[in-house]
Amino acid sequence: MPLLHFHIIKGSRSATEIRSLLDSAHQAMLQAFKVPERDRYQLVSEHDQTHMIIEDTGLNIPRTDKVVLLQVVSRPRSKEQIAEFYKLLAENLEQDCGLAASDLMVSIVQNSDEHWSFGLGRAQFLTGEL
């Protein structure tokens, strides 16, 4: 954990490109959040272009049909870790996937240990398993 949910425009990427996107984001998360290698939970949702409106809050950030909206659900992280994640994510995605930083939007929602169960009907952070 964290749980990363990528929203992209349907048909804008091949399966190989999607895997590269996921791998690059995972590397940024490993480095910034210092989580174990197999702490990997990722989803991809593809939307019709008419079903994804990603504007720029008046910042004049240009967007293309390669835009990625990434929702991250995570235990609390420091401001420094979050800033490092944003930076590494943008760098990795540009280097590995050719994604312009202007086509990346990220939102992080933080929650607590009791909000996670990795299976078996238990909250592993609370039981001491993790």
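1. H1 and H2 are roughly antiparallel (angle over 145 degrees), because their axes cross at roughly 150° and come within 8 Å. H1 covers residues 15-33 and H2 residues 79-97; helices are DSSP runs of H or I, at least four residues, numbered from the N terminus. Axes are lines fitted to C-alpha atoms over the stretch in contact, with angles from 0 to 180 degrees between N-to-C directions.

2. This is a predicted model, with local features needing pLDDT of at least 70 and side-chain atom pairs pLDDT 80 or more, while totals for chains, interfaces and linings use all residues. Residues are numbered from 1 along each chain as its sequence is written, and side-chain values use heavy atoms, without hydrogens and water.

3. In the contact (heavy atoms within 4.5 Å), H1 residues including Leu21, Ala25 and Phe33 meet H2 residues including Phe85, Leu89 and Cys97. The residues of this contact divide into 12 nonpolar (Ala, Val, Leu, Ile, Met, Phe, Trp, Tyr, Cys, Pro), 2 charged (Asp, Glu, Lys, Arg) and 6 polar (the others, Gly among them).

Methods:
Helix = DSSP H or I, 4+ residues; strand = E, 2+ residues; numbered from the N terminus. Parallel < 35°, antiparallel > 145°, perpendicular 65-115°, else oblique.
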